[in-house]
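This report looks at a two-part protein model, going from the boundary between the parts to single residues. Please keep the sequence and the structure in view while reading.

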Amino acid sequence: MIDHWIGHHHSGGDSVVSRLPAGLKLGMGLVIIVGTVLAPPGAMGWYVAMAVVLAASVILGRMPVWFLLKRLAWLSPFVLGVAVVNAFQPGARGSWQTVAVKSTICLLTVILMSNTTPFSRVLRVLRAVRVPGLLITTMALMHRYLFVLVEEAERMRRARASRTFTRPRRFRWHLSSTVVGQLFVRASERAERIYDAMCARGWK
Amino acid sequence: MHIPDGFIDGKTAAATVLLSAAGVGLAMRQVRLRLPARRVPLLGLAAAFLFAAQMVNFPVAGGTSGHLMGGVLAAALLGPSAAVAVLTTVLIVQCFLFADGGVLALGANVFNMAIVGGAGGYAIYCGVRRWLPGTRGQVAAVAFAGWCSTVLAAVCCAGQLAWSGTVGWPVAFTAMTSVHMVIGAGEGLISALVLLAIQRARPELANELGGAEPPRRGDELVRYGLLAALGLALFVAPFACPWPDGLESVAARLGFEHSAAPPAVPAPAADYQAPGVRWAVGATALAGAAGTVVVFGLAWLLARLLVPKPDEKAHPAKP
């Protein structure tokens, strides 16, 4: 699972789509998503048009199709859940298909956007549209230390696994929660060090 | 519980975005007023911590595993406003970086998981802590509030899905609530265990930020409470009335019974016709109410079991 989260990003390299300005891409993505969500259930024309636009950007962005399909499958449990729920309802099948089409188009849009735009560019766009600075600082720090902490958790898990011969069932939750607790302790210690480093470099 | 795009319609998205924007704005203001500059990096690190903590697996029977969601834990460690900021950040990054949760549904997700789950859970946590002091009280409060916040967020999510006409209220409410009553038990247990682990490793971390008697948190919580109540009134109250006739008569009296837009889902929202479905909604609500009492008892027992008596801790093994 950790490999999945870390290795999920396809570094698209240099392509037409990844060279577009981030603001334009985000704006277009937003237009596609808003249009798709607001489109009436029968608007086949819109869905087909969006499918063509998305397919074009997949080809222009040189995204591997298999990678996209895997991402879609990973993200669709909610869609499946609603499908199961809808199976208990008579006469809801039509609306379920609409929902599935809509959510697939929106998911593909976001996956394409996030894999062709570096997150720092997204943050720059968000700053330009006046998102509060504190929120942006928090997002930037989170993005920077996300993978550091995920790796740290993985290291702790490995260290524990190499030291525990047999793990009795009832202790497993206890061990996992110790790892999580220790992770928080380390994260807050790291935050202190980061603050000192920021001050040393003349922050504020 | 991340709602993808396409599951909620325009009006629900607009309403949830407005409510969440108000909540996040309030949180930002409070954080700027109260949080010392020293703690600003901690927000980002806490967000990264929550994300990494969600990767740690807790094995459940049969090869499946669960993980921490951490709304109440974050609130208990950082205080409600910082927790809303942190949880919102996590949701935004999950949405834009990992496509987990929709862009237009971001408002709904922030409302359910950050405002109702985080700040609402913190209100429950505070309420329990007033009754049960000490470390034992803290552990019991986190366990109980973890369960409550998960179930409340699920109820809100069901309300939003039903309001959008994606799934009928009876089915959405029954499915979401019953599943999350089970998930919430795990969430409460994990939150309590993690808090206890932090309490053991660095007691001052668990107490200093949000755990120790919070000064003047009342007005802050009242504002979040108002927001959450407004959301519940919008999303859940129209469906939750146990006597649909009463609701319909009110609608008729106000004269918008027939002016309402035709529902996207034809069958279930039209009327509570199927007796089985209606029974299931009542049973789920009843189970939720009974579950609250049972879970509170369990949380208290858990705290008694996990935390040694304060006296023993103060005076270890006499010679």
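The model is predicted: local features need pLDDT of at least 70 and side-chain atom pairs count only at pLDDT 80 or more, while totals for chains, interfaces and linings use all residues. Residues are numbered from 1 along each chain as its sequence is written, chains are lettered from A and ligands numbered from 1 in the order in which they are written, and side-chain values use heavy atoms, with hydrogens and water left out.

**The interface**

In chain A, 70 residues are in contact with 72 residues of chain B; contact means heavy atoms within 4.5 Å. The size of an interface is often given as the accessible area lost when the parts come together. Here chain A and chain B bury about 6500 Å² between them, with 81% of it on carbon and sulfur atoms. Buried area is the accessible area (1.4 Å probe) that two parts lose on being put together, summed over both.

Four salt bridges are found across this interface. A salt bridge is a side-chain nitrogen of Lys or Arg within 4 Å of a carboxyl oxygen of Asp or Glu. B:Arg39 and A:Glu192 form a salt bridge at 3.6 Å, N to O. Helix α10 of chain A gives the most to the side that touches chain B, with 24 residues. Helices are DSSP runs (H or I, at least four residues), and strands are E runs of at least two, numbered from the N terminus.

**Two glutamines of chain B**

B:Gln160 is in helix α6 (residues 134-163), and B:Gln54 is in the loop between α2 (40-53) and β1 (58-59). Is B:Gln160 buried or exposed? B:Gln160 counts as buried because its relative accessible area is 0%; B:Gln54, at 15%, is buried as well. Buried means under 20% relative accessible area, exposed over 50%, and partly exposed in between (1.4 Å probe, protein chains only).

Their side chains make these polar contacts (pairs of N or O atoms within 3.5 Å; within protein, one must be able to donate a hydrogen and the other to accept it, and residues adjacent in sequence count only if both atoms are side-chain atoms).

| Side chain | Partner | Distance |
|---|---|---|
| B:Gln160 | B:Asn112, side chain | 2.9 Å |
| B:Gln54 | B:Gln94, side chain | 3.3 Å |

B:Leu301, in helix α12 (residues 275-306) of chain B, is partly exposed, with a relative accessible area of 49%.
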